Amino acid sequence: MTYLASLLPLAAIYGILVIGLNMQYGVTGILNFTYITFVAIGAYVTGVLTMGAPANAQTYILGAHLPFLLALVLGGLAAAALGTVVSFTVLRRLRSDYLAIVTIGAGQIVYTIIGNETGVFNGWNGIFGIPVPVPMSLSPVMQQLAFGLITILILAVVLFAAQRIQYSPLGRVLRAIRDDEGVTEAYGRDTFRMKLLAFLIGCFVAGIGGGLLGEYATAYAPSAFLPGETFILWAALLIGGVANNWGALLGAIIVPIGFAEVTRFLPDFGNPTLIESLRGVAIGLLIILAPAFLPHGLVRERLAKDRARSRATAPTEEETSNA
Amino acid sequence: MSILMLSIGFGLVTASVLAIAGVGLSLQFGVTNFVNFAYGDYATLGAYVALVANEHGVNMYASMLIAGVVVAVFAALVNRLVFRYFIDKRVKLVILLVVTIGVSLVIEYSLQSIFGAQFQSYTVTSPTPMQIGPFLLTSGQLAIIGIAVLCMAGVHLLLSRTRVGKAMRAMSDNPALAEASGIDTRRITDLTWLVVGFLAGIAGVVLAMNTSTFTPLLGTFFLMLLFAVVILGGIGKPYGAMLGALVIGLVTEVSGAYINAAYQDAIAFLIMIVLLMLRPQGLFSSRGRA
Amino acid sequence: MPEALLRLDRVSRNFGGLQAVTDCSFDVFEGRITGLIGPNGAGKTTVTNLIAGEMRPSGGRILLHGRDITGWSAHAVARAGIARTFQLARELGGLTVMENLLLAPYPQKGESLWLAILQPPAVRAQEEELKDRARTLLERLQLAHLRNEPAQNLSGGQKKLLEIARAMMTRPRLLLMDEPTAGVNPALIDQLVTYIRVLRDELGVSLLIIEHNLDVVEALCEDVIVMAAGSVLARGTMAQLRQNPAVVDAYLGGGGSEYAAL
């Protein structure tokens, strides 16, 4: 029971993260190979904002003891702010490989700065002792459940907003940009601004998820946002289903959770890092095999169908069939 | 012995390491038209192959050659078994890039599961630095520079004197025209991977020698520097990559000597990002935006 | 002489050393279907791209109803009332046919972030109105049965019809059409010609059409501009142009068999 209770918030958090990535890539077609950096900013900023003044030999900025929800939103905004800075590299019409290189490079720079400038987020050791946002009077199990409840509520809000956006005129334009940016521009849309919007929404969601992740782990360090971490989320999206938020949730459960938890049940053998290494190999294989066998992921994009009967023509058999 | 001269000396060594791998990456990108994000890990593979050989008493230079050959074959196999499948299926470039990342992860973590994550090094005697002109270098470092020069010469001969090399250049410049002129693009691609893999293997060993200790993550950080080199020189322009290696090697070492050394790589990344935005075709290339 | 809807004033465009368009000047008048013909490489597509804002002219000006739109971006030009169709049909493959049409009109309230999330009555009402218009159009073009189909599944001819349908949804002041009948089978060409006339007669759209099929040009265009080597060679009705030795010369020199009719 405690085991499931501890898994629930993590599943919800990863769900939030993959939904954010979906907004950028699945819906709008933006390549962001350094998504994890925005998760990190959210984790750090929310973390230090909820902590008090630096203690325990840590050094960091912004120790402000703010209430949790406020800190969370600010963490999301901080991630979006970084997104604004990075955006003018990400959103140009460069070919995919150049974009990939640029985003990874930008992420590396942020990683190096955070690691070296110990005064900002305590350098390579990272921050720890992030306060849990639930009453300490509850038993540990109840605390887990309470936190799980919080994450699920936030997931519900994020999922609702993401669905609404995707199935709105805005979502239609974003998908059009994904399919053909030039044509979308020819229909009067300022595609740069709209891509920026989608990108920043994704960064904000990444920051929210990151903030929750930091609270869950009560600590966060640069080792948590090595470039490879982004690809666990990519694997989740590619397998779960691109351009489908439910698919994103499925992918989040299968990949990060599934992997972490499946290996938990394997006995320890070989050298200590063997399990972790095999997990890495498995993720790599998954990333190679998923596009081969599941080009659209497990859950395909659901297109909005027009059901209304027109006045002039009688209904045809197509109206009752589904794609 | 000024700091400037010392760091220029080190810069030359770094440039040599970058050049060997950079030329390979540039050539591969030019011929196959996609970035292989596992390239750094090909180098790491080479480093570990040489480690195994070295531990069995094979001398360093022979180990290097063995590493080169093993990685060459490996690269060609990965292309045949993995990349070709997706290329023939005409998937979107993004998907292919993600697949190369998958290959990268598989290599890294396979190495880690076999060898563990701890630092390794080759059993070589610690040589003393010698004074060569204004520089202070060890014999190992001089050897690295020498090996780089050899590799550059080899690549130059390949590209300018052999039919295969000329076909590679043709495919790099204008794939459609190359195909139309009757070049067997699949065969040339296979051969390109062999050459590129060989260079990666050698580069990995040389890199490991230069950093003295290494882990399975050796290649991943190295790869980002390689991107800077290749982009600076212009995609698909191996000669440009040689110059790019020189620039990046010198810039990182010299700037690292004067400002916080931890940021020396970050500077290379910054240069690369700025360059990609202002002049994606590289400093030395005349080809337009790819 | 009525004021021109669109005026090109000594527009030029070069690419490196290649002079694609040189000192090109012409007017397009409101309410007309104007043809733009010429041999390959004459600069017709480049001129279209310049008008549509895909690229800046190297020199000269472009005026829309007297307003200088030179160098405006593609989306700004579109908002000013100029739309275009493409030679190779560029359907939005991942969207349904219906969604392709719904994309066309600008602006839409539901495209701002908060209104997209909240979807208040005003947004829903606009959606319904646009859907009604789209349904009617699709029926007219006999595409209604495909409305929920992803656009990438359409046949080549159907994609061309989709391009026209999208243009009809937009109701621009000026529609640039780049070889609308290229690669289209003859049965469909008649349909396309009819719909192009509908655009002008019922929807008040003025058209500038690049075409190689001179029968279509003759049937549709009251006014034809001939381009060669980057600038305007002649102008008039097809009948007049046939008498023009320079025009005959330019085509017989560089054209293919489709110009044998001249």
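This is a predicted model: local features need pLDDT of at least 70, side-chain atom pairs count only at pLDDT 80 or more; totals for chains, interfaces and linings use all residues.
**Ala243 of chain A**

I started at Ala243(A), which lies in the loop between H10 and helix H11 (245-264) of chain A. Helices here are DSSP runs of H or I with at least four residues, strands are E runs of at least two, and both are numbered from the N terminus. Phi of Ala243(A) is near 65 degrees, a positive value in a residue that is not glycine. Most residues other than glycine have a negative phi, and most peptide bonds are trans. Buried or exposed, I wondered about Ala243(A)? Ala243(A) counts as buried because it has 26 C-beta neighbours inside 10 Å. The cut-offs: buried takes 20 or more other C-beta atoms within 10 Å of the residue's own, exposed takes 12 or fewer, partly exposed is in between, and C-beta atoms are placed from the backbone.

Residues are numbered from 1 along each chain as its sequence is written, and chains are lettered from A and ligands numbered from 1 in the order in which they are written.

I found Gln142(C) in the loop between helix H5 (121-140) and helix H6 (156-170) of chain C. With 11 C-beta neighbours inside 10 Å, Gln142(C) counts as exposed.

I also looked up the peptide bond between Tyr106(C) and Pro107(C), which is cis, with omega about 0 degrees. Pro107(C) sits in the loop between helix H3 (97-103) and helix H4 (113-118) of chain C.

**The sheet of chain C**

I traced an open sheet of 4 strands in chain C, with the order E2-E1-E4-E5 and antiparallel pairing. Two strands pair if DSSP finds at least two bridges between them. Which strands stand at the edges? They are E2 (18-28) and E5 (67-68) of chain C, each with a single partner strand, so one side of each is left without a neighbour in the sheet.

Helix H1 (residues 44-51) of chain C packs on this sheet and touches E1, E2 and E4 of chain C. The direction of H1(C) makes about 65 degrees with that of E2(C). For such angles, axes are lines fitted to C-alpha atoms, for helices over the stretch in contact, and the angle runs from 0 to 180 degrees between N-to-C directions.

Strand E1 (residues 6-15) and strand E4 (residues 59-64) of chain C run antiparallel and are joined by 5 bridges. I checked two positions: Arg7(C) stands opposite Leu63(C) in E4(C), and Leu8(C) stands opposite Ile62(C) in E4(C).

On to E5(C), which pairs with E4(C) in the antiparallel sense over 2 bridges. Leu63(C) has Asp68(C) as its bridge partner in E5(C). E4(C) and E5(C) form a hairpin with 2 residues between them, and His65(C) in the turn has a positive phi of about 50 degrees.

**Chain A overall**

I counted 12 helices and 2 strands in chain A. Along the sequence the pattern is α-α-α-α-α-β-α-α-α-α-β-α-α-α. Of the 323 residues of chain A, 52% count as buried. The C-alpha atoms of chain A fill a box of roughly 75 × 45 × 40 Å along the principal axes.

**Who touches whom**

For contacts I used C-beta atoms, placed from the backbone, that lie within 7 Å. Of the 2 pairs of chains that touch, A and B have the most contacts. That contact takes 36 residues from chain A and 38 residues from chain B. On the chain A side, the elements giving two or more residues are helix H4 (96-116), helix H10 (227-240) and helix H12 (274-293). H4(A) supplies the largest share, 13 residues.

The contact of chains A and C takes 30 residues from chain A and 36 residues from chain C. Helix H6 (140-166), helix H7 (169-179) and helix H8 (181-186) of chain A each supply at least two residues of the chain A side. H7(A) gives the most, with 9 residues.
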